[in-house]
Amino acid sequence: MSIGHTLLGLLESGPRHGYDLKRAFDEKFGHDRPLHYGQVYSTMSRLLKNGLVEVDGIEAGGGPERKRYAITDAGVTDVERWLATPEKPEPYLQSTLYTKVVLALLTHRDAADILDTQRSEHLRSMRILTDRKRNGDLADQLVCDHALFHLEADLRWLELTAARLDKLRAAVTR
Amino acid sequence: MNLRQWAADLRLGAKFAFTGGREGWTRVLLTAVGVGLGVALLLLTTAIPSALNVRHDRGEARSDYTYSQKVKPKADDTLVIADVDTTYGNKDIRGRLVEPEGPRAPIAPGLAKYPAPGDMVVSPALKKLLDSGDGRLLRERLPYRVTGTIAESGLIGSQELAYYAGATGLAPHINGWQTARISEYGTPNPVSAKSDPVLILLVLVVFVVLLMPVAVFITAAVRFGGEQRDRRLAALRLVGSDSRMTRRIAAGEALAGSLLGLVLGTVFFLLGRQLAGSLEVLDVSVFPSYLNPAPALAVLVAVAVPAAAVLVTLLALRGVVIEPLGVVRTTRPARRRLWWRLLLPVIGLAMLYPMIGKGRTEGDFNQYLVAGGVIALLVGVTALLPWIVEAVVARLGNGSVSWQLAVRRLQLSSGTAARMVNGIAVAVAGAIALQMLFAGVEGDYTKASRNDVNRAQVEVQLSRGVDADEAVAKFRSVRGVRKVVALAGGNLSDASVKSAGGQNRNSPVTIGDCAALREVAALPSCRDGDAFVVAAADYDTDTPVLAKPGKKLYLDTDQGMDAGREARWTVPQGIRKVAPGTDPSGMEHDGFLLTRGAVPAAAGQPVAQAYVSLDDAVPDVREYVRNAAAAVDPFANVMVWTRNEESKKFASIRTGLLVGATCVLALIGASLLVSQLEQLRERRKLLSALVAFGTRRRTLSLSVLWQTAVPVALGLLLASAVGLTLGTVLLKMTATTVSVDWSSVLTMTGIGAGIVLVVTLLSLPPLLRLMRPEGLRTE
Amino acid sequence: MTPPPGSLLTAENLRKAYGPTTALDGAEFSIHPGEVVAVMGPSGSGKSTLLHCLAGIVTPDSGSITYDGRELSAMSDAQRSALRRSEFGFVFQFGQLVPELTCVENVALPLRLNGTSRKEAERAALSWMARLEVDDLAKKRPGEVSGGQGQRVAVARSLVSGPRVLFADEPTGALDSLNGERVMELFTEAARSANAAVVLVTHEARVAAYSDREIVVRDGRSRDMERLV
């Protein structure tokens, strides 16, 4: 999961302080693993360096935590590209997909598109595996089946999420 | 064991019966109608013997026994009564002239007092007839004022036409057979009720024939929606009820329908009882109040019919194992065996065989054998049909796709198909047999008579003292009368009737004018005053002895009733021999033929018959003649001759039978339709799939048609065969000429075929609806 | 809008409502000869309705369906039935085999409906059953064979009349995964060798994986994933 893209996405809805960002991240994505503030700081400075964010203002009192960040146009484009790129179908990618979906909802993008694109990508992999299975020996078939079942599980999750998009939108934009 | 558990199970079943949705309701309703019809028919059947008894008793109670040689002396408790029955159209009317001779004269049953001379009291049916336009001519014949009606106790049927008219001067007419003086009603030696055995046979067979399809229908009705019910029972098994409980629940369901049927049956019976009051069979009608089933029998019916319905349900469930996860039909039964199926009709024929040729004369038919035989034959139909359907369907070749679909379906479940058609087959077989029996018996009633209808069509027997010439003149004045001749009879003897014993010789005498005498013999010439003797009549040895000119003989024209009217007559010199001939009634007249002028005045007015020849083009000419006869002689006996006595006695009953059979068939058609629709609904997915891959609607519709038509056609074939056999046997039993009534065979099979068409047509709209692609949608 | 070049069956802007329920709301579709296209989407999304419209079983309220240059909505019911008999084949989830007919008679049914003689139809049926490895069931009735075998019989039937488009609605829906895969393998292979296009409605990814591409139907609208990506 890309913390950078996530934080960028969170900034899309408006400039925030570093603390704000951490709190928003933890609230939406960091259920079992809250972000260290250090991670926020280092990520933000990396984004600053790449011109994806800019410092909107510093409150009196100084200190990095007092900086207010805003996303740049380049930053928006970057988020856009990231969201549109399907993840490589691999195990345990729900958290990334979840983040993407939530960010899409937060930024009023079409989350269903993300899911459909991802499904397409999964199916492509599945087709390859199915093809390999068809032409392979039993060992191949078993190996492919294992992968196929995992992919299928992902796909099911995608379907389920797609079916619950409206509820999710209501929950994250509350 | 646990009574409460039992009751709970039955109650649950009853609840399912009424909450099972549309299918549940249909099943309950059809079961109820079937059970109801069965109950009503059985109640009517059990009521018939009592009805006939009541009828018989009423008939006995009002009987005025006129056959007596001894004339009672007039007293204050006597009544002179004259039998003046008449016929109107084809209806017999019981008519009595009454003249009470004292205050204690016996009063006839159903009457409060006797009508005054010139008045009459009539039965309700006669009143209705007189008041209607149809009774116009009858009113002329009965010129009495209607002053009241005869109560039910004086009538033997609701449709009986009867009247009592007050009269005066009846005493001189007392003759020992038509007019009598009586001091009480009722027969001196009552006999137990004895009905026409053929009538009893008809009634018995009618009820068996109507009951059988109803029984078959009940067995089919309780199976309606069986699959749906089985699924529900399976669901109950899943939640923990054991197989006994499910059976009890199913029994409860059937019981609910049966109980409703019991209510319906009572209603049907009461309606039928009312209806029976307006029916007439073989001139027998009954009052609704006669039709009271014996209480014990009624209770038996009320218990037995629902019990039978429940039993059928349980029997149907026997072949089914209801498991928690679904219904398992026990393995397909082995190929149906033929021998025991053939046994039933054979047993039936064997039971009927001993009664062949019995007819009306040789006493009653054994009712148990008749009922048993007919039932065995008809049940034989239901036993044979499944075998035939299976055997035939298994051999049916391949035709079009629709044919293939239908035939394959029948092959897989020929039993279901046969069960549905059984009712139709039994009803048609029974109806054909009955129609044949009626047609045959009717044919007997219309046997050609000896009467020569070319010479005369009406014979009027005038009573004593009526002037034949006057009567003849009266008849001649009736429009439509072509010719009238009057012949009187008498006896010539060489000894007086007063001389007791003695070896006297006798010879019959025919008296009439020349025209009349020419009707009975070939006369060379004739003038009033001539006398003739018929030559060489068979076995007649007395006439040649008596016909010696100059011989003095005694002439009696009064059939020995009144010796005072005997006259002396001398055989004239000029008596001529003539060749014998026959009178219009086909009777040969031998002995002496005297013209009116040859009869001495002392002989008085001989008792004469007038033979009337009619112009049939004049409508109601016979009624006019009857009216004329009644006008000249209230005691005249009018007999109408026809070449074939056209009996319409059975016309109404045959129509009734047709209607009844049609109703039963329609009912069975309804059940066919229900099961057809049920089957279609079960196959909606398949039907949609078939349509999806391009099956023509016509193909599927045709297959539905074949599916009904093939078993019904087989059923009708078998039914015709059994019906004709049964009909033949029944005709032989009644000693009636056997003739096949093809029109009824065609009618009944036609109705059966019509029902197939109607069922198919009615199942087409749902079929087309089920074929819509919506059926493809999963849920 | 003209159909994409080389397209065998094309649907544009289909709308179909059943009473108050909108089943299709502007769906698009196109398939090339020999192509296997999976139609995916949650249940109730309208994918079965799309299949019924494409096959001419249901007429859409609006929109056009072009098959081989002919407009389906311009055809009469009888013409569409004839088209389904001769050019299309069908496989459904279950309940499609006539229980009274033997398997070979079931497979021969489409040919018989087209007027082929019984003998010839059953010979052709047997050869297709052999390809689907169910020829040994020829004389059995559908009730006597397993679900997987029954579906293979159904597949043989869908192919017997040499259709150019096969419509399969959840063909493995009632089967376990091993049987389902076997059916799909045989089905797609047979379809490809016959160069028949396949419209495969499924909600199962593993079944859809036998397709060349997929379209997704959601709320009556279709997304062609190829065009989207």
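Analyst: Two residues are in contact if their C-beta atoms, placed from the backbone, lie within 7 Å. Please note that this is a predicted model.

User: With that in mind, which residues does B:L593 touch, leaving out those up to four places away in sequence?

Analyst: Its contacts are B:T510, B:L517, B:V520, B:A521, B:F532 and B:V534.

User: How far apart are the C-alpha atoms of B:L593 and B:V534?

Analyst: They are separated by 7.4 Å, although the two residues are 59 residues apart along the chain.

User: Where does B:L593 sit, then? And is B:L593 buried or exposed?

Analyst: B:L593 belongs to strand 18 of chain B, which covers residues 592-595. B:L593 is buried, because 30 other C-beta atoms lie within 10 Å and the threshold for that class is 20 or more.

User: Turning to strand 11 of chain B, how many of its residues are buried?

Analyst: Ten of the 13 residues in strand 11 (residues 481-493) are buried, so this strand is largely enclosed by the rest of the structure.

User: Which strand joins strand 11 of chain B over seven bridges?

Analyst: That is strand 19 of chain B (residues 608-614), and the two run antiparallel. B:V485 stands opposite B:Y611 of strand 19 there.

User: What about strand 12 and strand 15 of chain B?

Analyst: Strand 12 (residues 506-512) is joined to strand 11 by six bridges, again antiparallel, with B:S493 facing B:N506. Strand 15 (residues 552-556) pairs with strand 11 over three bridges, also in the antiparallel sense, and B:L492 has B:L555 as its bridge partner.

User: Now chain C. What is the strand order in its open sheet of six strands?

Analyst: The order is 6-7-8-3-9-10, with mixed pairing. Strand 6 (88-91) and strand 10 (221-224) are the edge strands, each pairing on one side only. Neighbouring strands are turned by 20° against each other on average, direction ignored.

User: Within that chain, how do strand 3 and strand 8 run?

Analyst: Strand 3 (residues 36-40) and strand 8 (residues 197-201) of chain C run parallel and are joined by four bridges. C:V36 stands opposite C:V198 of strand 8.

User: Lastly, how many residues does each chain give to the contact between chain B and chain C?

Analyst: Chain C gives 22 residues and chain B gives 18 residues. On the side of chain C, the elements that supply two or more residues are helix 1 (47-54), helix 2 (77-87) and helix 3 (103-113). By class, that side has eleven nonpolar, six polar and five charged residues.

Terms used
Residues numbered from 1 in each chain as written. Chains lettered and ligands numbered in written order. Predicted model: local features only at pLDDT ≥ 70, side-chain atom pairs only at ≥ 80, totals over all residues. Buried ≥ 20, exposed ≤ 12 C-beta atoms within 10 Å, placed from the backbone. Nonpolar A, V, L, I, M, F, W, Y, C, P; charged D, E, K, R; others polar. Pairing = 2+ DSSP bridges. Axes fitted to C-alpha atoms, helices over the stretch in contact; angles between N-to-C directions.
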